[in-house]
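Please open the structure in your viewer and keep the selection tool at hand.

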Amino acid sequence: MDERDWTTRTPDPGATLMGEGVTIRCAAESGASLVSGDLDAAIASLAPGAPMLGLLDEVPEKPFALRIARDRALLCTDAPLGQEGWRDGFAVSGADDLFLVIEITGARRDEIRSACLGGGVGSPSAATLFAGQGALVATCPGGLCVRVEAPQAAALWTHLDRLIAAL
Amino acid sequence: MQRYSAFSLLRHGLTGHRGWRPAWAKARPRAAYDAVIVGGGGHGLATAYYLAKNHGISRVAVLEKGWIGGGNTGRNTTAVRSNYFYPESVALYDLSLRLYERLSRALNYNVMLSQRGMLIAAHTPAQMEICARIANAMQLNGVDGHLMGAEEAVRRIPLLNQTADARFRCLGGVWQGRAGVARHDAVAWGYARAASALGVDIIENCAVTGLDVQGGRICGVDTTLGRIRTERVGLAAAGATPGLAALTGVRLPIHTYALQAFVSEPVKPMLDTVLLYLGTGTYVSQSDKGELVIGGGLDRVPTHGQRGNLPAQETVISGLLEMFPAFAQLKLLRQWAGVVDVVPDSSPVIGPVGPGGLYVNCGWGTGGFKAIPAGGWLLAHLLATGAHHEISRPFDLDRFARGRLIDEAAGSGIAH
Amino acid sequence: MTGWRHDSAGMVDRDRPLSFTFDGQPCTGFAGDTLASALLAGGPRILGRSFKYHRPRGLWGMGGEEPNAILDVTENGRTLPNVRATTMVLRDGMALRSVNAAPDAARDRLGLIDLAQRFLPAGFYYKTFMALGWMRWEPMIRRMAGLGVLDADHHPPADAPSMTAEIDLLVIGAGPAGLAAARAAARAGRAVWLVDEAAEPGGALRWRGGEIDGAPWQAFARDSCQAVTAAGGRVLTDTVLWGAFDHGMFAAWERRADRPDRHWRLRAREVILAAGAIERPLWFANNDLPGVMSSEAALHYLALYGAVAGRRIVIGCAGDAPYATAAALAAAGCQVTLVDARSETPPAPEGVTLRRAARITRAHGHREVGAVTVEGVHLDCDTVLVSGGFTPSVHLHCQAGGKLDFDPRTDALIPRPGSAPLLTVGAACGAFGLAAALAGGHVAGGGAGPAPAASGAVWGIAPSRPDPKARGRVWIDPQNDVTLKDVKLAAQEGYRSVEHLKRYTTLGMATDQGRSANFAGLAAMAALTGQTIPETGTTTYRPPFTPVPLSVIGGMRRGEGFAPPRRLRLEAQHRALGARFREYGGWLRPAHYGTDEAKAAQAEARTARQTAGLYDASPLGKIEVLGPGAAELLDFCGYVRMSTLKPGRARYGFMLSETGIVFDDGVVLRLAEDRFIVSASSGHVGSVRMILEEARQDRFDPARVVLHDVTAQWTTLTATGPASRALLGGAGIDLPDLPHMGVAETRWQGVPLRIARVSFTGDASWELSVPARHGAALQAALETARAGHGACWVGLEAVMILRAEKGFILVGKDTDGITMPQDLGWGGPRDRRQDEYFGRRSLFTPEAMRPDRRQLVGLETSGAPLPTGAHVLASDGPRRSAGFVTSSCHSPTLDRPVALAMIEGGRSRIGQEVTVFHLGTLSTARITDACALDPEGARLHG
């Protein structure tokens with residue numbers, strides 16, 4: 001049976017899309033862990049002082065945490081923590097390769113945002129749908145940073161490529 | 001009943017059509033009836049007709065809170081078919097299809113049954129295996145099921161997406177030649193006219209507010225037009241039936257959702273069959289007027305609102321355009337939603353509930369229109385005899401306690 | 001051609017003439033024209049044919065409410081059907097074609113149908129076409145129905161972005177009321193989104209003109225728009241707000257000239273509706289003739305395009321609005337007679353003949369209007385303009401759930417204040433007249449101080465109605481050919497509710513959605529049934545407000561962007577090895593390597609069984625369950641208890657639904673007392689996680705157990721087969737001494753490596769999982785060692801053969817919506833477990849306990865493999881299905897077909913012959929155990 005031709009590919013870290021007034025770059029995650037349970041205790045233990053960020057909050061220098069649910073967050077660090085398992089009141093799972101980071105910068109980034117983000121400004125959770133894909137969305141210098149699970153990155157990347165042309 | 005025919009149309013045309021009488025009598029409620037049917041949609045009206053026609057019981061009232069046929073009967077995508085998997089379902093829906101085949105003549109009202117065929121289309125080998133399973137089940141159940149290959153499917157539906165960019169390549173699917181569409185309003189009006197002619201009272205703008213029970217048996221209904229005595233009540237009010245049954249303490253395993261449907265502007269004929277595409281979940285046909293009639297999955301939020309929202313619309317329509325890229329030339333003309341009563345196994349609930357003399361015909365979910373004649377036939381049987389017809393027995397409410405679910409969606413692998 | 005082009009009026013660019021054709025006839029226009037204005041100024045009058053009677057139809061209106069001028073437009077070899085001439089901008093080289101007319105609008109052959117009109121009233125098709133059956137007539141009827149023709153080769157691109165915005169204040173309509181509201185709100189510092197369907201703001205000001213605050217209206221419009229953008233808001237023109245949905249969600253369609261259109265989802269905290277009103281026609285005999293037009297539209301065409309409708313013009317009205325039209329047309333050089341039904345009227349404009357207390361009772365003409373009868377007097381004319389009042393555009397108010405009240409002063413149904421979560425101002429709420437509109441908008445926008453000022457009183461209106469006693473054919477719906485007689489017939493036959501009226505006669509169901517028909521229809525029905533207008537009610541208002549292209553709603557979800565599958569991290573590596581991909585469980589995975597699928601699958605399976613095979617198992621779900629409560633959670637959510645599993649071991653289990661049906665199967669690994677990894681089938685990971693999550697939150701203490709879906713964090717490669725241990729050694733992987741169903745965490749080249757000795761093939765098998773960033777290195781190492789050990793990469797088709805040989809199920813293929821664990825031979829936990837678990841109760845219903853349930857077995861046959869989906873017939877009684885084939889293939893290991901099937905009472909019938917039915921053909925097979933190869937499992941320890 002003929003397979004359908006799939007022309008889209010998962011972007012490699014460093015891949016870039018350029019459009020009029022917008023640049024989209026793919027980056028690898030330097031290090032990340034899923035933490036659940038007592039998030040305060042988790043952060044105090046693993047990355048003291050890391051702020052807990054919600055939708056479109058500005059990310060500082062690492063470490064920081066992107067809240068996913070009431071008691072779950074993605075802790076982003078400069079390097080893999082190498083921790084796994086249940087601690088006292090919280091759990092850690094390595095997630096260094098779970099997400100790809102897509103940065104959207106440029107004068108027209110707000111239009112991209114309007115075309116991909118459904119709303120929910122001010123939500124305490126950074127987890128949302130971005131162009132129909134589950135993603136964690138924050139603000140980084142110059143624009144948006146979108147974390148999408150690696151298996152779904154190809155779909156988002158292609159969509160952004162077509163969107164730049166259509167906007 | 002004045003006979004409708006080309007000849008009478010000609011004759012009346014010569015006198016300015018002033019001689020046509022009302023299609024059904026606008027009745028006021030009497031004090032008592034042999035049977036009361038709650039819900040003036042297709043199922044309720046068909047029940048009244050078959051009570052009078054099959055069982056000679058015509059002291060019957062159909063109570064409708066609005067205008068007849070104004071609920072799901074007037075809001076569906078008009079498909080009729082019996083391409084089901086379980087023998088119990090095939091018996092039910094094919095009874096209905098066979099009644100549809102004779103309906104215009106029986107009611108002397110053109111319901112515009114167009115048996116133009118329906119294809120459930122597959123795009124993966126796994127889906128084709130399911131289609132083979134269904135086609136065989138249909139054949140073994142004595143119904144016209146045919147496993148169609150890609151070439152024949154494309155020949156019948158030339159506009160189906162064959163481009164290199166197509167997300168789904170059609171491999172064929174299950175075809176039922178006797179399936180098709182009918183004019184939904186005409187089904188309601190036809191049954192109303194025929195039932196009225198047999199003496200049934202059709203009472204519009206009459207809402208039921210209570211069910212009177214004494215000694216564990218129904219003895220009457222309370223309505224906005226007063227109290228009516230009766231010992232037999234049939235509930236055929238779709239999304240409103242659970243609430244009515246609850247008045248007697250009966251809990252039905254039903255959740256109510258909005259199901260949207262869409263119609264495009266009319267164009268000249270271009271799609272000659274009914275199509276459900278497994279890949280997108282969207283189904284479509286072209287009405288005799290030339291409009292595309294489109295449907296898909298439910299709005300997943302429970303509501304009685306009779307209106308849907310954008311996400312479901314966008315999903316259904318993007319699915320349609322993926323199947324037929326040329327349809328992107330068309331415009332959405334109308335959109336509406338029905339209130340569908342969904343049962344966990346996607347099969348209807350037909351039978352006695354609660355106090356003696358109370359029967360339900362409900363839970364048709366997204367598939368009630370095709371079943372109108374059978375639903376009416378079977379509920380009439382229950383009301384007249386107090387016992388199940390053999391075709392309705394498997395759909396009794398007790399199947400949930402027994403564990404004998406008739407889960408078409410899972411059984412056939414297709415969302416219903 | 002009765003219309004003509006004024007030599008200076010309007011804003012078309014007379015230095016840029018454009019050529020186009022209509023039904024093959026050459027025509028000209030100017031840059032800035034719409035198709036309608038160009039046709040009015042210099043094209044034929046007959047632009048189409050009505051739906052039923054094929055009567056000639058001409059231009060009626062100026063916007064989306066146009067019922068007649070519907071055309072197929074061809075440009076650059078691509079055709080768009082059903083274009084409204086009034087809303088499409090003219091471009092050079094366009095070819096226009098009338099719809100539903102053959103050979104063309106002027107000479108339509110089916111125009112003869114009108115001769116039989118008395119036999120074709122509303123609903124005539126319900127009364128006939130029965131004797132021979134509807135299908136005998138349907139093909140002919142279908143060909144006569146429909147408007148334009150779809151261009152089969154024209155695939156418009158899927159390039160309409162879906163934009164979302166959260167808005168503080170949404171103002172719908174940029175006419176005077178909308179502009180005033182937006183300006184007031186913006187000046188108060190609010191971010192306002194002002195939306196209008198025209199290319200420029202102004203609404204009716206654009207063709208009526210007017211002074212606001214002592215200056216031309218353009219200054220006011222400009223000032224208002226600037227205030228909006230300065231306050232952080234936005235002005236969207238060429239944008240139709242077409243739907244009101246729940247919770248303040250509105251949908252809009254933005255048309256752009258040189259870029260793709262856009263679909264807007266606007267979530268607004270506050271909404272002001274200033275959508276204006278649409279002119280009503282008048283109702284007299286033959287009011288459908290080409291040349292009978294909306295009076296407001298005629299003014300619109302003159303002022304904006306210099307297109308004049310005719311030269312000898314009669315204007316019928318019962319209100320003040322058309323006086324401006326009369327004045328403008330007279331000034332342009334037309335001979336104008338104004339026929340006003342009222343006895344008290346404004347003075348006649350200069351150059352206009354005015355008849356008071358007079359009504360048009362009949363229009364005359366064969367194919368276009370040539371005269372009218374006014375109170376018995378015959379008046380020659382070439383154009384009849386009509387104004388029967390205005391219908392406020394309340395659609396969005398009603399879509400949002402609002403109610404309407406009838407206002408006799410304005411003869412209109414207007415929004416009941418407070419009945420919907422939006423505020424209506426201007427003509428949309430019956431405030432006809434510039435000053436009234438400005439005042440209402442200003443207040444609604446929260447304006448401080450006085451409203452913008454304009455002169456002019458509120459328009460006077462006397463009600464106009466279709467007269468049930470009128471003689472002749474009076475049209476209510478011009479596109480669908482619904483006349484007053486049809487409304488009478490509907491009333492007479494009992495189709496009296498407005499919904500029945502609409503459905504029986506099709507009034508209001510044409511592409512103009514009843515803009516000019518609905519009010520007349522309900523007014524006529526009210527008169528016929530002796531009810532008031534409020535008592536008669538209206539039909540339900542639903543989106544879309546005006547027809548919206550499907551391409552805009554469908555957006556960019558197309559082709560690869562439609563339900564895209566998930567992708568493997570190692571996809572490039574697999575492609576380099578010649579993999580052909582297919583979608584499995586929502587993932588794109590190698591089906592086989594090389595070109596010939598059937599041969600490759602067989603060869604790969606044979607090699608994997610005889611030597612060794614490698615495959616990518618990354619999509620298999622990995623849900624970590626962590627915490628002191630983890631075991632308890634898994635015991636409840638799973639059918640097989642996991643609390644008794646020791647750390648370092650793995651166990652196969654099921655997840656059931658509440659009805660006891662097998663929902664998913666998979667292996668659970670226990671890494672520590674408080675750490676498990678649940679593997680879920682690749683297509684079920686999300687739903688399995690949600691079932692666990694729901695139990696975690698609702699039934700257990702979420703502080704003691706948590707869930708992490710880390711499926712995408714790990715790359716998992718599996719080595720299987722008798723030579724797999726050697727292969728792994730050759731790749732430098734130090735295999736710990738693991739028993740079958742053991743798991744160990746170790747390292748490889750400094751990188752975490754988890755090894756699970758789990759087998760889906762029945763041979764010794766090792767699943768190797770590394771963090772995904774190291775997957776390529778692992779794959780490279782295995783690939784380097786592969787050839788030297790006679791192994792091959794194995795696609796999913798081969799894996800399916802290997803598991804079929806062993807009778808291992810695939811949930812959803814070998815199970816269906818009624819399969820319970822005991823049907824698969826897994827009745828043990830049901831019999832032994834005393835504790836509560838998900839689905840338990842359902843396993844003990846009478847149905848669940850029946851011995852003749854469909855059970856998983858194997859089927860042996862000779863010759864070709866059985867077709868999957870074939871049914872097994874019951875051995876006695878009437879012919880019926882007793883089950884079906886769920887998996888089937890040729891086994892390269894056994895060199896014969898193997899199949900799995902679900903058959904009633906199957907396990908007690910092993911050894912029996914059965915008849916197999918497939919599409920009418922019969923064959924035989926023998927029931928066997930589901931496992932066809934190595935039932936003792938010796939190969940697991942190889």
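A residue is called buried when its relative accessible area is under 20%. The model shown here is predicted.

Begin by selecting C:R609, which lies in helix α16 (residues 597-610) of chain C. Is C:R609 buried or exposed? Its relative accessible area is 1%, so C:R609 counts as buried. C:D763 sits in the loop between β45 (751-756) and β46 (765-771), and the pair joins distant parts of the chain, 154 residues apart. C:D763 is also buried, at 2% relative accessibility.

Next, turn to chain B and select B:R98 and B:D94, whose side chains meet in a salt bridge of 3.1 Å, N to O. Both belong to helix α3 (residues 87-107); because they are four residues apart, about one helical turn separates them. B:D94 is buried at 6%, whereas B:R98 is partly exposed at 38%.

Now select C:R675 and A:E84, a salt bridge whose closest N and O atoms are 3.4 Å apart. This pair crosses between chains, from strand β41 (675-678) of chain C to the loop between β6 (72-76) and β7 (85-86) of chain A. C:R675 is buried, with a relative accessible area of 6%, while A:E84 is partly exposed at 28%.

Finally, select C:R55, C:R57, C:D114, C:D288, C:R473 and C:D481, which a network of salt bridges links together. Over all chains, the structure holds 88 salt bridges.

Technical notes. Residues are numbered from 1 along each chain as its sequence is written. Chains are lettered from A and ligands numbered from 1 in the order in which they are written. This is a predicted model: local features need pLDDT of at least 70, side-chain atom pairs count only at pLDDT 80 or more; totals for chains, interfaces and linings use all residues. Side-chain values use heavy atoms; hydrogens and water are left out. A salt bridge is a side-chain nitrogen of Lys or Arg within 4 Å of a carboxyl oxygen of Asp or Glu. Helices (H or I, at least four residues) and strands (E, at least two) are DSSP runs, numbered from the N terminus. Buried means under 20% relative accessible area, exposed over 50%, partly exposed in between (1.4 Å probe, protein chains only).
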